[in-house]
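Colleague: I am new to this structure and would like a close look at a single part. Please take one loop and its surroundings, and then go on to whatever connects with that part.

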Amino acid sequence: MLYTRCTHEELKTRLFEGALSHTSTTLRLSAPELWDLFPQSPVTDNLDFDESHENLIAFLNLPYPTISAYELRHSREIPSTEDATYRLPLLISPRSNYVTAFVMGDLRSKAKSIPNRSSDLQIVLDLPMELIFEIFERLHPVDLYNFVRTTKGLRQMLLSRKAESIWSESFLRHPDIPACPADVSFPEWTSLLFGPNKCDDCSEAAAMPEFACRTRLCTTCLGNRFFHATHFPSILAERLSMGRYTYRHDGMVYPTEIEYTYDPMYLEEDVEDMIQVYSFILHTTVGTPNAAEDVLENTTKVIAVALNKVEHAKLCERWCRDAYDKLHIQHQMLIPGQVKRCQRRLAHLDLDLEWKDIKASQEEIEQVLEETRITHLTSKAFRYLLPDLHSAVKVTKNSRLAAERQQLIDARRGAINDYYDNACQQYLKPDTWPYLPAKERLYDLDCISKYITSDSLELGEMPVELANEDFIRQYTDTWMVDGKERVLSTLSAAEENRLDKTRLDLDLATAVFVCSSNSCYESSGTALFGWKDAGLHLNCIYDMYYQPHLGHGHELGPRFSAEGHRAVVFVLELLGLDPASTAANDPLLSRARFICTACVMWKEAGVRKGRHALTWKESVSHFMKMCDRAHESPSFAVLTEEATKIVLFHEDPYPPPSDRSWSCKLCPQHWKDRVKRAEVVAHVQDEHSIRYPVTDVDFFYFPKTTGRPIGNRTSLDLIITDA
């Protein structure tokens, strides 16, 4: 089949000027383009439209073979139930009665086991009429229906009154078929069950029997004749069940068991007849004794009769649904063999396809066979499927090539990572490790980027630039210099906008930063003080997602914090220190402890416990977290010397000795795995023969990006008076 892609204007011209030719060309139109043409018609993406389809002009000049029944009804403004569920497209061809297909297929499979079969029916027709009748009584009703459609002689014989016993006996021999109702003849009932699925109202070839009204209705006509209860006057709500109703919403699909619990659709003509009958009764029974009781009794009888018809209709619908399910299972059993045959045929064709790709495309080929519902894989059917099969295998091939390419890229990146690890351990001091660029940063270098993205199918040689011992040292030095300049630039911008014009320096306590990254901001919100803290966040890359606290398009990484600067200035003034010259490592500042007077005293089990004692850095971080909620301005109180001694005695040491973030400063032993303080001390003593290791000289604490933990703080019940 030839597939073409037409533009929006070309399709509109061909549709509305009547220039469509009756060919086998199929138009592929995307959902946005079709929505622009027909904005009131819900469609799915990448629909196929056959120009030769007979409904091309009947329904908005476009058929919808892949739209669900519910969407089709909605597009034609046909009322439906409120609880209507989305239906998948029917897997059976819309031009076939799948019940007949299942029954006849079952009969053919049973006939193959009969020995000495003969296809010459003339032998049977030459027998006496009594024997012919006895033979026909043993046939399946679908066989009788087919005989009726063969010759005039057989038609007259089987439709005569004498042949009623044939039909009756045939139905008795096959109790699995729904019984014929008393008010319907056997030939008529057989025709309804096994006849072609052609709508009795519009001749649309997509209509299975509607057993409520014993006629065939397509989806459109089903919606035109059956309506929801809200469509009718509310006064008739209690009597709607007297008429015929259905739970179907699709001309080819029968309800599932759960759909029988939904609100039904009522036949409009029955409701109209009901209105006329009850209008006549009301006019003729005026003043008649016991008229209301008679009407109620009659209504009860009519409802009972209607309920019996509905139950019979449900039985028939379940039988059809069961036939469809069995037919679907039969088709599923054919697919594995069809897949293997398709794979063998594809392998023999010159289509630039490798066998490993064909073999790996089993699921894609199964999906193609599921969608087309081809039961016999003939040469013609294979030619019809070939474009889709070729596309499916090409997709698998492209996926394989992409996966192999990604594996090669990952292997090259792994080689770069190993080089980076070895070079950093060999040429760089351990105390610089926390400030090194991430491994992914190396991928952006020209020489490394060309190596990783090389078109070669082999791993290849490492770039010659990496053989230089000074390469990694020069790269990391440049990284740190650029990072420090970037941090300083945020200070320079802050100095220009500040009113007090105080000097800002990375070594001062007033150099307060905050990381703009989502993960750093939301996980800690901790203030960063000077280069020692800010340098840890240089690897925070640009985040493409929206930052609620920054707005759109803000560059991430360390940035100056005006709120933190306010808090530091307030704390320094409490201690009588000069904000313009006090360093971050000032001993007096490091020893002091504070409490926030703006926070209420926390309680435990209803008992007032007091307020947390904070260091100056924790006080600044506390205000930065609370300034948007409860604290308009810094409000801290410095503890007395006596209270400070008590707090220092009870609080945990920092850095925490039990934290696995300690590393040796004399060797690269702890490049990947840091250890506890006691372990690194033992390492220095054993490996480097240093009896008394010194912190920050022989070993150091590997800083984190989440800030200092609070630890166990002493809570003081501090009462502030006006005095």
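Modeller: The loop between β4 (209-210) and β5 (215-216) holds Arg214. This is a predicted model. Arg214 has a phi of about 55 degrees, a positive value, although Arg214 is not a glycine. Most residues other than glycine have a negative phi. Arg214 is partly exposed, because its relative accessible area is 24%, and the cut-off for buried is under 20%.

Phe211 belongs to the largest nonpolar core, which has 40 residues. Together with Val99, Phe136, Leu158, Trp189 and Phe194, Phe211 is among the residues that touch the most other members of that core. Several helices each supply at least two residues of this core: α4 (98-111), α6 (129-136), α7 (141-148), α8 (152-158), α9 (164-173), α10 (186-194) and α13 (291-348). The most comes from α13, which gives 7 residues. Neighbours within four places in sequence aside, Phe211 is in contact with Trp189, Leu192 and Leu193, with Tyr254, and with Ala313, Cys316, Glu317 and Cys320. A second core is separate and has 22 residues, including Tyr420, Cys424, Tyr451 and Trp671.

Next comes a sheet. Three strands make up an open sheet, ordered β6-β8-β7, with antiparallel pairing. The edges are β6 (226-227) and β7 (245-246); each has a single partner strand, so one side of each has no neighbour in the sheet. Between β7 and β8 (residues 265-267) there are 2 bridges, and these strands run antiparallel. Tyr245 has Tyr266, in β8, as its bridge partner.

Asp352 is not a glycine either, and its phi is about 60 degrees. Asp352 sits in the loop between α13 and α14 (355-360). Asp352 is exposed, because its relative accessible area is 56% and the cut-off for exposed is over 50%. Arg214, at 24%, is partly exposed.

One further loop concerns a peptide bond. Most peptide bonds are trans. The bond that joins Tyr654 and Pro655 is cis, with omega about 0 degrees. Pro655 is located in the loop between α25 (641-650) and β16 (662-664).

Definitions and conventions
Residues are numbered from 1 along each chain as its sequence is written. This is a predicted model: local features need pLDDT of at least 70, side-chain atom pairs count only at pLDDT 80 or more; totals for chains, interfaces and linings use all residues. Side-chain values use heavy atoms; hydrogens and water are left out. A nonpolar core is a set of buried Ala, Val, Leu, Ile, Met, Phe, Trp, Tyr and Cys residues joined through side-chain atoms within 4.5 Å. Buried means under 20% relative accessible area, exposed over 50%, partly exposed in between (1.4 Å probe, protein chains only). Helices (H or I, at least four residues) and strands (E, at least two) are DSSP runs, numbered from the N terminus. Contact means heavy atoms within 4.5 Å. Two strands pair if DSSP finds at least two bridges between them.
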